[in-house]
Amino acid sequence: MPPTRALMLDSGLNDKILLTEGLSPFRIALRRDGRARLSAAPRGDVEGTVRAKFAIIFLAVVVLPAVSVPLFAHHGNAAYDTTKTITLKGTVTEYTWANPHVFLKVDAKDDSGNTSHWVIEAQSTVTQNAAGWSRTTFKAGDEVTLDVIPIKNGSPIGRFKGRIVINGTVFKEGAQPAPGQ
Amino acid sequence: MMPRRLTLLAMALFAGWALSPVLRAQTAPAKTAGSQAEQEKWNNVPPRKSTYAGKKSDPAPRRDLSGIWDGATSAGNGLEDQGAPAMPEDGKPEHQIPFTPLGLEKFKLTKPSNGPRQSELGEINDPLYMCDPMGFPRIELFELRTIEIAQTANQVIYLNEYYGQWRIIWTDGRALPKDPDPRWNGYSVGKWEDDYTFVVQTVGMKEATWLDNVGRPHSDVLRVEERFHRVDHDNMELSMTIDDPKMYTKPWLALDKYPLRLQSPDFDMPEYLCAPSEMGDYNSQIGNRGGLSPSPNNK
């Protein structure tokens with residue numbers, strides 16, 4: 001769901017009315033113990049508040065952020081540092097066979113024994129299928145060695161570069177299909 | 001009481017979150033030798049060019065486009081991430097798009113994920129990033145992979161693997177609609193120019209779509225002409241002309257005899273659908289954290 005515009009109105013009773021695009025209005029009640037409670041706001045409350053109060057705070061918020069603005073495949077190389085290759089050695093914790101990208105989560109140890117939680121993306125399920133991958137290529141617990149192109153912003157995120165070794169066996173199919181096949 | 005929609009959404013989200021480790025932990029049963037042939041019938045991959053290069057094909061059937069066709073055997077590998085294959089955004093003089101001033105202005109507002117204007121770190125505003133339908137003609141100018149065509153007495157039915165979109169091309173002689181309510185895939189009519197060339201006209205496409213992956217724009221007066229030329233039994237060539245006087249000073253060729261190769265009639269197309277739930281998962285794991293995601297307020 002894309003982010004939504006919202007208006008927060010001060011109803012003057014130690015709570016707020018939240019008007020959110022696409023949803024019924026609701027009230028956020030601030031309780032004495034500091035917690036907030038959401039409830040439906042009847043229309044009369046909303047209208048009364050608008051008429052009575054002139055202090056309106058306009059917010060641009062991401063409401064219900066469960067599905068944030070989605071990213072499609074074919075984002076370019078701009079975010080990746082294609083001049084670098086990192087070799088990761090570690091244990092698979094999760095393997096996601098889905099679109100827009102198949103991706104792998106690996107707990108990788110560096111030489112000092114510190115663990116980083118990496119996420120490495122491949123291409124779409126269609127492309128990976130064509131490269132000989134399937135949803136059972138990896139599983140949690142596999143010991144892997146991977147060559148990875150890292151993301152520029154320093155997060156432990158990367159893209160498969162080519163070499164993949166799974167539990168000691170080189171994965172011959174390779175990470176990416178050859179172009180123009 | 002929470003608003004019902006909020007409650008239902010919260011429940012759905014919790015269910016999705018709770019179940020996802022279970023779904024991911026499932027493994028397929030091991031393929032046994034006896035079932036190998038059966039397993040290979042699904043999620044097919046087009047054969048490499050080398051397997052059929054130089055082989056002669058039977059003659060073309062008359063007035064027949066039907067079959068499963070794959071475009072990934074072209075030089076662009078079916079990706080077209082640099083824009084319309086006949087006019088990629090490569091700076092060459094012969095690939096200069098004839099923009100009108102309005103067309104150029106609209107083009108500059110697009111922030112694509114690929115090409116020389118590829119955007120960095122949260123600026124991309126490609127509508128595909130909202131899981132919007134690709135629309136026509138972008139389904140043929142970006143990621144033209146496998147399509148399936150069937151013919152009836154009054155229609156050509158066109159199915160597109162990438163994004164799972166379909167079109168109906170009417171062959172009953174009807175006129176194109178005048179000033180129709182826009183559709184993502186427009187309104188199409190087609191007729192045979194000769195026994196081996198099928199010409200399609202499409203109008204009424206939603207302005208929200210990009211023509212291609214590098215953000216060429218179109219207006220409500222866009223008219224697209226496709227020419228499907230059945231070369232022989234196994235080969236077809238697709239050409240496409242973009243005609244949009246609001247955006248471009250003259251029509252231009254977006255596809256120039258783009259090669260399509262006939263696949264086996266039992267070719268099972270893999271599925272590629274844009275699912276907001278999977279997008280959200282990818283985004284929270286990778287896209288947002290890696291600075292790959294567009295900013296929420298990008299227009």
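Here are some questions and answers about this predicted two-chain model.

Local features are used only at pLDDT of at least 70 and side-chain atom pairs only at pLDDT 80 or more, while totals for chains, interfaces and linings use all residues. Residues are numbered from 1 along each chain as its sequence is written, and chains are lettered from A in the order in which they are written.

User: Happy to start with chain A: how many helices and strands are there in chain A?
Analyst: Helices (H or I, at least four residues) and strands (E, at least two) are DSSP runs, numbered from the N terminus. From that end, the elements of chain A run β-β-β-β-α-β-β-β-β-α-β-β-β. The count is two helices and eleven strands.

User: What percentage of the 181 residues in chain A is buried?
Analyst: A residue is buried if 20 or more other C-beta atoms lie within 10 Å of its own, exposed if 12 or fewer, and partly exposed in between, with C-beta atoms placed from the backbone. By that rule, the buried part of chain A comes to 34%.

User: Which residue in the turn between strand 9 and strand 10 of chain A has a positive phi?
Analyst: Two strands pair if DSSP finds at least two bridges between them. Strand 9 and strand 10 of chain A run antiparallel and are joined by six bridges, with A:Leu146 opposite A:Ile164. They form a hairpin with six residues between them, and the residue with a phi of about 85 degrees is A:Gly154.

User: Over to chain B: in what order do the nine strands of the barrel close?
Analyst: Strand 1 (residues 67–70) of chain B is joined to strand 2 (residues 146–151) by four bridges, running antiparallel. Strand 1 also pairs with strand 9 (residues 252–262) in the antiparallel sense, over two bridges. The pairing around the barrel is mixed, and the order is 1-2-3-4-5-6-7-8-9.

User: Which residue stands opposite B:Trp69 in strand 9 of chain B?
Analyst: B:Gly67 and B:Trp69 point one way from strand 1 of chain B, B:Ile68 and B:Asp70 the other way, and all are buried. B:Ile68 stands opposite B:Glu148 in strand 2. For B:Trp69, the residue in strand 9 is B:Leu262.

User: How far apart are the end C-alpha atoms of helix 5 of chain B?
Analyst: The expected span of a helix is 1.5 Å times one less than its number of residues. Helix 5 (residues 276–287) of chain B has twelve residues, and a straight helix would reach 16 Å. Its end C-alpha atoms are only 13 Å apart.

User: Why is B:Pro127 partly exposed?
Analyst: B:Pro127 is found in the loop between helix 3 (101–109) and helix 4 (138–141) of chain B. B:Pro127 is partly exposed because its count of other C-beta atoms within 10 Å is 18.
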